[in-house]
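Subject: Structure handover

Hello,

Here is the structure I said I would pass on. My notes on it follow below the file.

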Amino acid sequence: MIYSNNGFEPATFLANAGLGRRIVQLKRKEAFFTQGQPANAVYYLRKGRAKLAVVSKSGKEATLTLLGPGDFVGEESVAAVAGLHLATATAITQCTAIRVERKEMIRVIHEEPAFADFFMSFLLTRSMRIQADLVDQLFNSSEKRLARILLLMAEFCASGEPEIFIPKISQEMLAEMIGTTRSRVSFFMNRFRKLGFIEYNGRIRVHKSLLNVILHD
C-alpha cells in the first residue's frame, strides 16, 4: 500500500464514503455517466466490470475499452476547465464504485502526494494500454485482436493464471471492440473452442493456451 508522511492511504480513501465522495451501486446495463453530460465526478471501480463506449452522430456505437476493479473512469473531470464526458460508461455486470466529486478529486490530488502518485500511475498505465490497443488495431489480424481481448478480460499475464470465466459479453460487443463483424467473431470463437483454447457454452472460459494465437506469427 502507498502511504504519505501524514498516514494518508489512497486505498482507504477509495474504499469509504466521506466528504465529496460516496459509494454507488450500479445494476447491469446502468450508466455511470453518458456521453455529453457534464464531467463533474470521477469513479473508482471496486467490483464488477464496465465498458466505455462512444456513439457517432449517426447512432453507431463503438466500445473503446473494458473496465475492471481498480480502474478509474471519468478522469476527464479533473481537467483544468470542466467539460463534458466524451464517452458513456456502462456496467456490464453489477458494479460497486466510489464516486468522487470533481472538487474533492482535485483537492486530494493537490494535497496528498500519495494519492497523486497512485492516480498518475493509473493514468500512465491507461496511456500504455491505449497505445497497445492502437498497435493491435493497426497491425494485428482480427483473430489476434479477439484473442487479446479475451485474454485481457480474463486478466492473464505472461506467466499464466488459472483458467477463468470472463464476464458475460455479446459477440456484437466483441466485434465492435476489435473492428470486425459478428460473423467473423463467431467463426473465430468456434475455432478457438475446437482448438481447446476456450470453452463456450453461455459463458466463456478462457484457457492460457489462447496465448498461442497471439505469439504465433
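How many bridges join β1 to strand β8, and in which sense do the two run? Six bridges join them, and the strands run antiparallel. Q25 has T96 in β8 as its bridge partner. Please keep in mind that this is a predicted model.

The sheet

β1 and β8 belong to an open sheet of four strands, ordered β1-β8-β3-β6, with antiparallel pairing. Its edge strands are β1 (21-26) and β6 (72-73), each of which pairs on one side only. Helix α2 (residues 102-111) packs on this sheet and touches β1, β3, β6 and β8. The direction of α2 makes about 80 degrees with that of β8.

The hairpin

Strand β10 (residues 198-201) pairs with strand β11 (residues 203-206) over four bridges, in the antiparallel sense. Across this pairing, E199 stands opposite R205 in β11. The hairpin of β10 and β11 has one residue between the strands, and G202 takes a positive phi near 90 degrees there.

Helices

Helix α4 (residues 142-153) packs against helix α6 (residues 182-194) with the axes 10 Å apart and an angle of about 65 degrees. The two helices therefore count as roughly perpendicular, a class that covers 65 to 115 degrees. Their crossing is right-handed. On the α4 side the contact is made by S142, E143, L146, A147 and L150. On the α6 side V185, F188, M189, R191 and F192 take part.

The buried residues are Q171, M173, L174, A175, M177 and I178. Their cover includes strands β4 (50-55), β5 (61-67) and β10. It also includes helices α3 (113-139), α4 and α6. Just after α5, G179 takes a positive phi of about 75 degrees.

Aromatic pairs

A search of the whole structure gives 15 aromatic pairs. One of them is F32 with Y43, an edge-to-face pair at 5.3 Å centre to centre, with 80 degrees between the planes. This pair links distant parts of the chain: F32 lies in strand β2 (residues 31-33) and Y43 in strand β3 (residues 41-47), 11 residues apart. F32 has a relative accessibility of 8% and Y43 a relative accessible area of 8%. The cut-off for buried is under 20%, so F32 counts as buried, and so does Y43.

F192 and F197 form a tilted pair, because their planes are at 50 degrees, with the ring centres 6.5 Å apart. F192 is buried, with a relative accessible area of 0%, and F197 also counts as buried, at 12% relative accessibility. F192 is also one of the α6 residues in the contact with α4.

Which residues do ring pairs link into a cluster? They are F8, F13, Y44, F72, F115, F118, F119 and F122.

Regards

How values were computed: Residues numbered from 1 in each chain as written. Predicted model: local features only at pLDDT ≥ 70, side-chain atom pairs only at ≥ 80, totals over all residues. Heavy atoms only, no water. Pairing = 2+ DSSP bridges. Phe/Tyr/Trp six-rings, centres within 6.5 Å; stacked < 30°, edge-to-face > 60°. Buried < 20%, exposed > 50% of the residue type's maximum accessible area, 1.4 Å probe, protein only. Axes fitted to C-alpha atoms, helices over the stretch in contact; angles between N-to-C directions. Parallel < 35°, antiparallel > 145°, perpendicular 65-115°, else oblique. Left-handed = near helix turned anticlockwise from the far one by under 90°. Contact = heavy atoms within 4.5 Å.
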